[in-house]
Amino acid sequence: MNAKLITLFLFFVLSHQTVAEEVEPNLVNAAALKSPTTYELTNSWQIGKVQAGAGWALGATGLGIRVGVIDTGVFNTKELGSRLLGGWNFVKNKAIAANTNSDDNGHGTHVSGIIAAESGTTSPITTSVVGVAPEAFIVPIKVLDSRGSGTLTNLSKGQIGRAHV
């Protein structure tokens, strides 16, 4: 059931109760979120697929949420703004500083953009996209090398490391 249908159902049920004089949806507004353009919504296929707009209408924009991306690292892009936090590189066994580049493959950066690209930004590769949680913070957890390969040991360490994000 989608959010609009649930809201309409609750409105109908509650508005027919004798104790309720008036019923309004209790929506949360996300003032800091830039509204995605029609172009961004059309070209960010994941947004429509997971009905992210319905979540945004309820205030679910990722604000204050840290997402650990266990992958090839993350390249510092303007789509992520200053929301790229420090993480850990299990391939080289060293810390990754906030807002620095740790992706030598591209896959982790791509995944991070799907998660948290900020509305209204462009890159040399894309015109303008938006992520499903455009206000979330990304924590890079690098377990795969430049070829996209990695050991099961590093993957396991990355999953354990993700639990502490």
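Residues 5-17 have a pLDDT under 50, and the model gives this stretch seven contacts beyond four places in sequence. Here pLDDT is the predictor's confidence in each residue, from 0 to 100. A contact means heavy atoms within 4.5 Å. Residues 26-32 also fall below 50, with eight contacts in the model beyond near neighbours in sequence.

This is a predicted model, in which local features need pLDDT of at least 70, side-chain atom pairs count only at pLDDT 80 or more, and totals for chains, interfaces and linings use all residues. Residues are numbered from 1 along each chain as its sequence is written, and side-chain values use heavy atoms, with hydrogens and water left out.

**Confidence along the chain**

The average pLDDT of the chain is 78. At least 70 is reached by 64% of the residues. Among the elements, helix 1 (residues 3-15) has the lowest mean, 47. Strand 4 (residues 137-142) has the highest, 96. Helices (H or I, at least four residues) and strands (E, at least two) are DSSP runs, numbered from the N terminus.

Four strands form an open sheet in the order 1-4-2-3, with mixed pairing. Strand 1 and strand 3 are the edges, each pairing on one side only. On average, neighbouring strands are turned by 30° against each other, direction ignored. Two strands count as paired if DSSP finds at least two bridges between them.

Strand 1 (residues 66-71) runs parallel to strand 4, over six bridges. Within this pair, Val-69 has Pro-140 of strand 4 as its bridge partner. Strand 2 (residues 87-89) is also parallel to strand 4, joined by two bridges. There, Trp-88 stands opposite Ile-141 of strand 4. Strand 2 and strand 3 are antiparallel, with three bridges. Asn-89 has Lys-94 in strand 3 as its bridge partner.

How covered is strand 4? Five of its six residues are buried. Buried means under 20% relative accessible area, exposed over 50%, and partly exposed in between (1.4 Å probe, protein chains only). Helix 5 lies across strand 1 and strand 4, at about 155° to strand 1. Axes are lines fitted to C-alpha atoms, for helices over the stretch in contact, and angles run from 0 to 180 degrees between N-to-C directions.

**Salt bridges**

Side chains of opposite charge can pair when their charged atoms come close. How many salt bridges does the whole structure hold? A search finds two. The criterion is a side-chain nitrogen of Lys or Arg within 4 Å of a carboxyl oxygen of Asp or Glu.

| Pair | Closest N and O atoms |
|---|---|
| Lys-142 and Asp-104 | 2.8 Å |
| Asp-145 and Arg-147 | 3.0 Å |

The pair of Lys-142 and Asp-104 links distant parts of the chain, 38 residues apart. Lys-142 sits in strand 4, and Asp-104 in the loop between strand 3 (94-96) and helix 5 (107-116). Lys-142 is buried, at 2% relative accessible area. Asp-104 is partly exposed, at 44%.

In the other pair, Asp-145 is buried, with a relative accessible area of 18%. Arg-147 is exposed, at 65%.

**Two asparagines with positive phi**

Most residues other than glycine have a negative phi. Which phi does Asn-93 have? The value is positive, about 55°, although Asn-93 is not a glycine. Asn-93 belongs to the loop between strand 2 and strand 3. Its relative accessibility is 56%, so Asn-93 counts as exposed.

Asn-99 likewise is not a glycine and has a positive phi of about 55°. Asn-99 lies in the loop between strand 3 and helix 5. Its relative accessibility of 32% makes Asn-99 partly exposed.

**Around Val-143**

Val-143 is placed in the loop between strand 4 and helix 6 (152-162). Is Val-143 buried or exposed? At 2% relative accessibility, Val-143 is buried. Leaving aside neighbours within four places in sequence, Val-143 touches several residues, including Ile-70 and Asp-71. Phe-90 and Val-91 are also among its contacts.
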